[in-house]
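Please read the points below with the sequence and the model side by side.

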Amino acid sequence: MRGAAALVLSCAAAAGVAPPAAREPWLDPQRSPEERATLAVAAMTLDEKLAVLRGSVATPWTHPDGTPVLIPRGAIAAAGFVPGVPRLGLPPLYETDASLGVANPNLVRPGDVATALPSSLALAASFDPRLAHQAGALVGSEARAKGFNVLLGGGMNLARDPRNGRNFEYLGEDPWLAGRLAGEEVRGTQDEHVISTVKHFALNANETNRTTLDARIGRRALRESDLLAFELAIEAGHPGAVMCAYNRVNGPYACGNRWLLIDVLKTDWHFPGWVMSDWGAVHGVDDAVNGLDQESGAQLDETEFFGAPLAAALAGGTVPMGRIDDMVHRILRSMFAVGIVDHPPVKADIDYAAHAALALDIARKGIVLLKNERDLLPLARDLKSIAVIGGYANSGVPSGGGSAQVIPSNGPFIRIPEGGATLNWRDVLFDPSSPLDAIRRAAPQSAVRYDDGSFPARAAALAAASDVAVVFVTRHEQEGFDIPDLALPAGQDGLIEAVAAVNPRTIVILEAGNPVAMPWLDRVAAVMAAWYPGQEGGQAIADILVGAVNPSGRLPLTFPRAAGDFLRPTLPNLGAGEGAAVHVDYEEGAAVGYRWYAEQGTRPLFAFGFGLSYTRFAYDHLKVSGGGTLEVQFDVLNTGRVAGADVPQLYLTSAAGRRTLRLIGFERVTLEPGERRTITLTADRRLLGWFDEEHRRWQLDRGVYQVRLGKSAAELSMGGEAVVAAN
Ligand code: BGC
């Protein structure tokens, strides 16, 4: 109540209008969000309603016609702004990007920093819903302390293509993993009274020509894959908003796609929140009747559709008043439900040191050890010399680019000016967490020497004179572009070959936003995938190298063996001119990632779910029971000599006679040496069944369902079966 009153005063004062009486019924927190929204809509004028349906870009910007676009009055410089209704005590929407922390595009807020978390793939690799909740809460709390009340965070498209430039912002290739973690992230954020936005709805699986791309797929397949992930996340997290994508889906653009927005999202899933467009993703006023509720960054569209054209369509009767009220109601309902009216953001200092600890925790839990021949790692304590080579390891760790770019809180970032002389979103930014410094601190007994890797012969000379060589390799990836293939750029493969040729004890650290091709794999002793490890990444890598931390990450997406062994070996539409009408047939359907490899009967380089540890785990006492769904119980045992965390994975392998492979459960469990823990996993029935598109519902056939426990999707161990009833 006190919060509501404070907000009312501040936003009314800013607009120079009398504040509403605190007893206005829509400001009464005792009433339901639905009722409050209905009451507020009834009190609004048409102009006030139309104003909340149109969002502005909130960064200074030059329109293609040369007109400078200023930040709207009252906005915080960031991705977007939607005016409120001061007369009624309804605050503006202050929107910030936030996939990996509160973004600050092109330093639009000079000097403003935030905790730069590891890429979402690292979070996904932790297989830890609790960590996802903490990450969501951290970003929500920082956003709130900076005055924002809407996060454009909750990126969760399935990784269908290992070259998608935005996979680092997403949560991997499996619907259960991505949906479960995204739901927790949303809950974490919204517990801070900041609205979370899951995005990009849907099938924004490639960035190449994303604004013209028609993503084609069967409806049932989409329901059982990407849409299932969204369905699970929305159900668990209740996000206030969903952001529709740039691309088309089976013809219509996602932001005007009646089937996606009305039939699936709002009817079948009963989503009560609002659909906001991506920035520049609206193509007509009709999008309003096809389910879009709010035009974001309206200046970026061909024309500002939800301004005068929407008013004209209303006057002309093509958009009914009831629909306008519904659009407004959805926005207000979420504002009341998440608490941004009753608990407005309060500018506050942020405890960046405490938040850095979480960034470090995620990086440590998300790094995946892929190879460790003859237990080279953890590094022996008596090494005389360590060569650290390449990847700017003397300075920091790379971050992914695009709208998710965060300006780290722990020191000045390092910029490689790919985009030109002034800070540009194509630049490569490094977070200032030097792996070299961290290794020096972690291995004080060894001489740690650095070579920047520009000349393979010089790096090899250092490696030859050292006990071990740690080669850091990087690849920049970002929104707006796909990488053409999985190779490392700029001669880094040659660097690794040169070093490995002279030192068999070569360790490669991959810092990339996607799987990497490893033509040198047989010649190196160890490899770890560190993703973009965030602002504490250098420390996390060093901790794992020396064994201060036992690696526990598991791959959230498949690493292909070679370009030829994955679908669409050539990047679709590579080289198509900007604006060309292109399409991709996602013919794998619901068999995304590991499911496709299982169908083909081929083994990838590193399977989904794979990751090594410095200890060993065993499973026993498996019990499978059926009935309404599958319940599976088993023990996990640490049989090694050090403490560590395992992620046992439960896969469905046969469903009422239908062969399949689907992750239906997982649990991250930390065990001391010799410790045993009993785990019980209960499958969501949708993971066992199939989607009947004709009747628009999930079906479960009665029959025998078989499961196996796995260390990865390609390493299945004991199994069992039970009968599950039909629905
Ligand atoms: C991205 C969105 C982002 C928006 C606002 C778009 O380019 O696709 O994810 O939220 O910009 O910055």
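1. Strand S8 (residues 214-216) pairs with S21 in the parallel sense, over 3 bridges. Strands here are DSSP runs of E with at least two residues, helices are runs of H or I with at least four, and both are numbered from the N terminus. Two strands count as paired if DSSP finds at least two bridges between them. Within this pair, Arg216 has Asp585 of S21 as its bridge partner.

2. This is a predicted model, in which local features need pLDDT of at least 70 and side-chain atom pairs count only at pLDDT 80 or more, while totals for chains, interfaces and linings use all residues. Residues are numbered from 1 along each chain as its sequence is written, and side-chain values use heavy atoms, with hydrogens and water left out.

3. S8 and S21 belong to an open sheet of 3 strands in the order S10-S8-S21, with parallel pairing. Strand S10 (248-249) and strand S21 (583-585) are at the edges with a single partner strand each, so one side of each has no neighbour in the sheet.

4. A second open sheet has 4 strands in the order S26-S25-S31-S32, and its pairing is antiparallel. Its edges are strand S26 (658-666) and strand S32 (715-724); each has a single partner strand, so one side of each lacks a neighbour in the sheet. Strand S25 (residues 649-655) is joined to S26 by 6 bridges, and Ser654 stands opposite Arg659 in S26.

5. How do helices H2 and H11 pack? Helix H2 (residues 33-43) and helix H11 (residues 321-338) pack at an angle of about 130°, with their axes 8 Å apart. Axes are lines fitted to C-alpha atoms, for helices over the stretch in contact, and angles run from 0 to 180 degrees between N-to-C directions. H2 is therefore oblique to H11; angles under 35 degrees count as roughly parallel, over 145 as roughly antiparallel, 65 to 115 as roughly perpendicular and the rest as oblique.

6. The H2 residues that meet H11 include Ala37 and Val41, and those on the H11 side include Leu332 and Phe336. Contact means heavy atoms within 4.5 Å.

7. Thr639 lies in the loop between strand S23 (631-638) and strand S24 (644-646). Thr639 is partly exposed, with a relative accessible area of 47% (buried is under 20%, exposed over 50%, partly exposed in between, with a 1.4 Å probe and protein chains only). Leaving aside neighbours within four places in sequence, Thr639 is in contact with Arg616, Phe617 and Ala618.
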